[in-house]
Structure formats: structure tokens, C-alpha cells
Amino acid sequence: MSDYRTEEDTLGPVKIPASALWGPQTERSRNNFPTGQFMPLAIIRALLNIKKAAAQANMETNAISDEKGNLIVKAIDELLALSDEDLRKDFPLKVYQTGSGTQTNMNTNEVVAHKAHQLNPAIEILPNDDVNKGQSSNDTFPTAMNVVALEALDKLKPAVQHLIDELKVKQDKYWKTVKVGRTHLQDAVPLTFGQEVSGYVAALEHDLDYIKTLEPTLNELAIGGTAVGTGLNAAEGMPEKIAEKLSAVYGLNLTAKSNKFYGLANHSGLDVVHGSLKTLAADMFKIAQDIRFLASGPRAGYDELNIPANEPGSSIMPGKVNPTQAEAVTMAALRVFGNDTVVTMASSQGNFEMNVYKPVMIDAFLESADLLAGTITGFTDRCVKGLTVNEKRMAELVDNSLMTVTALSPHIGYHDSAKIAQAADKAGSTLKEAALKSGKVTEEQYDEWMDMLKMTNADRQD
């Protein structure tokens, strides 16, 4: 028995592995574009769901016979039931192919048609005429892009909320734990660690709000635009029915009531929503950076925080503990920054009626969402949860800080307060010693005015 079979497309005969469910267009693409990562399976599953919804809509509008439509639906249900590993066997195409995703759309059409033939050889199901009926790669692929982007956000949002919840535990626990503040990388007036963490919480809550506010733009689907946005060859009412069915499958509020010329040529929604992912990444970078610096040491760094020891930190230095979860999330943030450039540039390439950077755009978007969801979860569970405060070190740094002199300023003036701080720094003395030596402050006044917790206003905000 031959290892290959021969099928023909409009360009001529093509040899295809005998066991493959794909057809000639997939085989051509497999050989023409062998470079890079595989098309995300989320896109494949979305396209299968779109084809299923299209077959159902075509039956309801009498655009296809129930016999053919039901067979297509059955074939797709069997494919959707496969594990990712098994599904991948028949979807071998790469991201770096045609910029419309046409070859992946045809890969889907061919696999569904061949699966239908396996189920019932007596009914002929054609990839273009039946599985792709009333559709074009130009509207199915961008529809799949929006659907999988929304799916990805649904996995990311709980990860962000999980981190917020854990940070709030630390915020409450250390609300009155005073530490030195730092601005411009220099000593500043005191605050509490709980207050510092509350800033992290607020940043992430804003980031989550940005995502939730912007994501509804992805509910607008391009389906029904077919080749150039005019809807040529799509049955009347078909787009709305597809959107309704996809909404039920994914639990989303999808709509086909959109400008199709925009839907095919522009991906502004993906661009703006990815911008919110970039913003989240920027804030995560800052939070992780703060924590790893505050935990630096233990003898030659800030040493204000203690982070969990998840694994040995060095192959040569025994006992070393490194902030690996912070490093992972900051590396992920850098990738998201790069992906944002990819998404923005790709989004700008809508030439006339078609954007031809679709696969790389959605691949970058999905990578960003996946990296953030995974590294934020790891950072939360393996770093933030086990984070503790070195209160002795915090108190020592506050007591040794010169910037607490700011509390004297309302009583003796900015100029004299500055002189006290400079004198203490020059003499290497404590601030109290310099203040008393200046004659501007009595010991009783100093002790009253230099209440570190009072300086933080933590009691007012509690």
C-alpha cells in the first residue's frame, strides 16, 4: 500500500501522505512555509466552531441540504473532541504563511471534508463548496482571531485578580509596618509597607479595569464580509446566526452587526486591547522589580523583604536564593512589550480591503496573554504568598534615615531642617543628635514631632 495518495487542486496534482486528513492546499503550504511555530490550536478550534455554526446557519437558511450540513456538523464534533495532541496531527501549518490565514482556513475545510468522507463516503462534501459555503478566509480568520483573543483574556483576568487578592493580604497585614520611602532612588520620608503594597493593588485593579473596559470591542465579528466586505455569496441572515451560535459556544456576547470593510482591513480592537496587556506588563515589571530589590541581600542589599526559597540559586555559590519568580515575570513583560510592537505594526498594514498580517498578530496577542497569565500566577503562588517582612531591618533603615527631618520642617522651617540633615550626614551622627546640637529643637519636641507611624498618616487611611 502506498504511503501517499494524489489529489488535485486548481494548480494540478499533489502527493499527500496517505493517512493525512488534509488536502492539496494544506500540503502545498506545509512544504512552502516550513518555518516558525505552528498555528495556535486555539485558532484551529475556533475555525472549527465557525465552520460548524456556518453549516447550521446554512441549513437554517436553506443554503445547504440537511444531509450535508448535519454530516459537516458531525465531522466537526468528532474533531473538536480530540485532544490537542491528536488534533495537531492534521493541522500542521505554521504561523508564517499567507497573511490572511487562507491556508489555515483551507486546512480546516479540507480536514472537515475528509473526516466527513470517513463518516459517510456516500455523501460528497467538498472543502470549498460545502464546508466553506458562504464564507471566505478573509472573514472567518479575523472572526477566529477575536474569539480566541477573548478566550485568552478570560484566562488572564482571574490570574490578575488572584494576585490582587494575595497582595491585599499583605497590605492588611503590614498596614502599620513603617519603612523608609524612596524617591529618585534616594531616601525619602517614611511610609508603611502596607501603603506601598496598596499602590501595587491599585495599579493592578486599574489594569484589570482597562482590560474589561476595552475587551468588548472584540465582540464585533467580521463574519459575513466574505472576500472584501460586501458579503458576496453569504446567505441573508447567515452572519447573525453564526454570531448567535458562537456566543452560545463560548459564553460571549458576540455580534455580526459590524462594518465588514473595517472587520477585514482593520484590527483596531486587537491593537487597543493588546495595549492594555502592555500596560499590565509594565505595572507587573515595576511590582516585581520593587520586590526583588527590596528582597536583595541578605547581607549586602536592602534586605527589607524575605522571599521564598523555591530552588537553589547558584551552581557554584551554596545557599544562594534568587528572586526567580520576579525574573520570570519581568522577562515575560519584555516579550509583551515586543509583541505590542508586532501587533501595532501588523495592525497598521491594512492595504485597501485586507490586512495581511493576521496570523502573526494573533500569535503575538495569544503569547502575551498566555505569558502574563502563567507568570503572574507563578509570581503570586511562589513569591507573593510566602513573602514576609524583615521588620528589624525596616526599623533600622527608618531610624538611620535623614529624610525624617521633613517632620521638623513645619516647626523650625525648611532651611534649618536642611541644615540639620546636612550636619548629621557630614558628621555621621544620628538625626536626633544633630537636631539637638543645632539648638533649634529640644529632646521633648523631637520625640513628639518624630513619630514615624504618625508621619505615614496610616491611621487616617486605615
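A charge sits over a ring if NZ of Lys or CZ of Arg is within 6 Å of the ring centre and within 35 degrees of the ring normal. The model is predicted: local features need pLDDT of at least 70, side-chain atom pairs count only at pLDDT 80 or more, and totals for chains, interfaces and linings use all residues. Residues are numbered from 1 along each chain as its sequence is written, and side-chain values use heavy atoms, without hydrogens and water.

**Exercise 1.** Find which rings have the charge of Lys 15 or Lys 94 over them.

Solution.
- Step 1: Lys 15 lies over the face of Tyr 4, 4.9 Å from the ring centre.
- Step 2: for Lys 94, the ring is that of Phe 38, with the charged end 5.0 Å from its centre.

**Exercise 2.** Classify the aromatic pair of Tyr 174 and Phe 193 and place its two residues.

Solution.
- Step 1: rings of Phe, Tyr and Trp (its six-membered ring) pair if their centres lie within 6.5 Å; planes under 30 degrees apart count as stacked, over 60 as edge-to-face and the rest as tilted.
- Step 2: this rule gives 1 aromatic pair.
- Step 3: the ring centres of Tyr 174 and Phe 193 are 5.8 Å apart and the planes stand at 65°, so the pair is edge-to-face.
- Step 4: Tyr 174 is in the loop between helix H7 (137-173) and S3, while Phe 193 is in helix H8 (residues 193-214), 19 residues apart. Helices (H or I, at least four residues) and strands (E, at least two) are DSSP runs, numbered from the N terminus.
- Step 5: buried means under 20% relative accessible area, exposed over 50%, partly exposed in between (1.4 Å probe, protein chains only). Tyr 174 is therefore buried at 5%, and Phe 193 is buried at 2%.

**Exercise 3.** Describe where Lys 320 lies and what it touches.

Solution.
- Step 1: Lys 320 is in the loop between strand S5 (305-306) and helix H12 (324-347).
- Step 2: its relative accessible area is 33%, so Lys 320 is partly exposed.
- Step 3: contact means heavy atoms within 4.5 Å. Leaving out residues up to four places away in sequence, Lys 320 touches Glu 311, Pro 312, Gly 313 and Ser 314.

**Exercise 4.** Locate the buried side of helix H17 and what covers its buried residues.

Solution.
- Step 1: in H17 (residues 431-438), the buried residues are Leu 431, Ala 434 and Ala 435.
- Step 2: these residues cover an arc of only 100° around the axis, so they are on the same side of H17. The arc is that of the directions from the helix axis to the C-beta atoms.
- Step 3: the cover over the buried residues of H17 includes helix H16 (414-427) and helix H18 (443-449).
- Step 4: after H17 comes Gly 439, with a positive phi near 80°.
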